[in-house]
Amino acid sequence: MGAIIFAVKTTPIENAELEELFEENSNSIKETFFQPDRKILEAKVWHPSFSKVLGIGIVSIDNKTDPEYTILQGDEKDILSSFSEGCKSFNGPFVSYDGLWFDIPFLLGRYAALGIDPPNSSFCNQIKFRSFPHYDIASLYSSWGRFPTSLPLLAHTFELKYDEPASYLAWLKTATEEDVEKMLLDRVTTISQIYLKMKRVFS
């Protein structure tokens, strides 16, 4: 069985009116979370109302030919439309790191907001505690959150080299298009290598 491995990177939407709404939302975040400052910063890039897709890294595996790598960047609508077109006839598994908790709900939120059709019903299926149609390596390896993990930790566990910036928002401020492409390629390549090892045990 083949697989589509993907990784998403996001960036805050620059909009004055949205900034006001974000400040209003920040107040409720402060009342809800124990570490409000961190949560507020995370909301800038993790919330589909305040952020947009910066790029998607994709690795397609069909078990017959070499993996095919694709990096989608540019206009968000074009990125989402291209991703849908490339995945529309594929039913899974869609492989990601923490995808069931972030990448997939974020993408579906942006698809809905922009009025763009998602890939297909299988991709929209967010059922958890399964390995199909979404194979979330973070959830499966951590026994659905029992063991705290991170992609750098998983990479180390599987004897792979992978690093990411200490602060994603700080990195974003100076990142070039080439930097984003490299980050997406490194991330999706690492996820694919971990998946190929994990699927022997976590089916």
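Over the ring of which residue does the charged end of Lys128 sit? The charged end of Lys128 sits over the ring of Trp101, 4.7 Å from the ring centre. A charge counts as over a ring if NZ of Lys or CZ of Arg is within 6 Å of the ring centre and within 35 degrees of the ring normal. Lys9 is placed in a like manner over the face of Tyr168, at 4.8 Å from the ring centre.

The model is predicted, and local features need pLDDT of at least 70, side-chain atom pairs count only at pLDDT 80 or more, and totals for chains, interfaces and linings use all residues. Residues are numbered from 1 along each chain as its sequence is written, and side-chain values use heavy atoms, with hydrogens and water left out.

The sheet comes next. Its 5 strands form an open sheet in the order β3-β2-β1-β4-β5, with mixed pairing. Strands pair if DSSP finds at least two bridges between them. Strands (E, at least two residues) and helices (H or I, at least four) are DSSP runs, numbered from the N terminus. The edge strands are β3 and β5 (134–136), and each pairs on one side only. Neighbouring strands of this sheet are turned by 25 degrees against each other on average, direction ignored. For such angles, axes are lines fitted to C-alpha atoms, for helices over the stretch in contact; angles run from 0 to 180 degrees between N-to-C directions.

Antiparallel pairing joins β1 and β2 over 10 bridges. There, Thr11 stands opposite Lys52 in β2. Strand β2 also pairs with strand β3 (residues 68–73), again in the antiparallel sense, over 6 bridges. Val59 stands opposite Tyr69 in β3. The hairpin of β2 and β3 has 6 residues between the strands, and in this hairpin Asn63 takes a positive phi near 65 degrees. Of the 11 residues of strand β2 (residues 51–61), 8 are buried, so the strand is largely enclosed by the rest of the structure. Buried means under 20% relative accessible area, exposed over 50%, and partly exposed in between (1.4 Å probe, protein chains only).

Strand β4 (residues 94–96) and β5 run parallel, joined by 3 bridges. Phe94 stands opposite His134 in β5. Helix α3 packs on the sheet and touches β1, β2, β3 and β4. The direction of α3 makes about 25 degrees with that of β2. Helix α9 packs on the sheet as well, touching β1, β2, β3, β4 and β5. The direction of α9 makes about 145 degrees with that of β1. Contact here means heavy atoms within 4.5 Å.

Aromatic rings form 12 pairs in the structure. Rings of Phe, Tyr and Trp (its six-membered ring) pair if their centres lie within 6.5 Å; planes under 30 degrees apart count as stacked, over 60 as edge-to-face and the rest as tilted. Phe6 and Phe83 make a tilted pair, 5.6 Å centre to centre with 55 degrees between the planes. Phe6 lies in strand β1 (residues 3–12) and Phe83 in helix α3 (residues 76–87), so the pair ties together parts that are 77 residues apart in sequence. Phe6 is buried, at 0% relative accessible area. Phe83 is buried too, at 1%. The ring centres of Tyr141 and Phe158 are 5.7 Å apart and the planes stand at 65 degrees, so this pair is edge-to-face. Tyr141 belongs to helix α6 (residues 137–141) and Phe158 to the loop between α7 (151–157) and α8 (168–174), so the pair ties together parts that are 17 residues apart in sequence. Tyr141 is partly exposed at 31%, whereas Phe158 is buried at 13%. One aromatic cluster is formed by Phe6, Phe83, Phe90, Phe94 and Phe123.

Salt bridges number 4. A salt bridge is a side-chain nitrogen of Lys or Arg within 4 Å of a carboxyl oxygen of Asp or Glu. Arg110 forms one with Glu76, and the closest N and O atoms are 2.8 Å apart. This pair links distant parts of the chain, with Arg110 in helix α4 (residues 103–114) and Glu76 in helix α3, 34 residues apart. Arg110 is buried at 7% relative accessibility, and Glu76 is buried at 9%. Glu164 and Arg187 meet in another salt bridge, at 3.3 Å from N to O. Glu164 lies in the loop between α7 and α8 and Arg187 in helix α9 (residues 177–198), so the pair ties together parts that are 23 residues apart in sequence.
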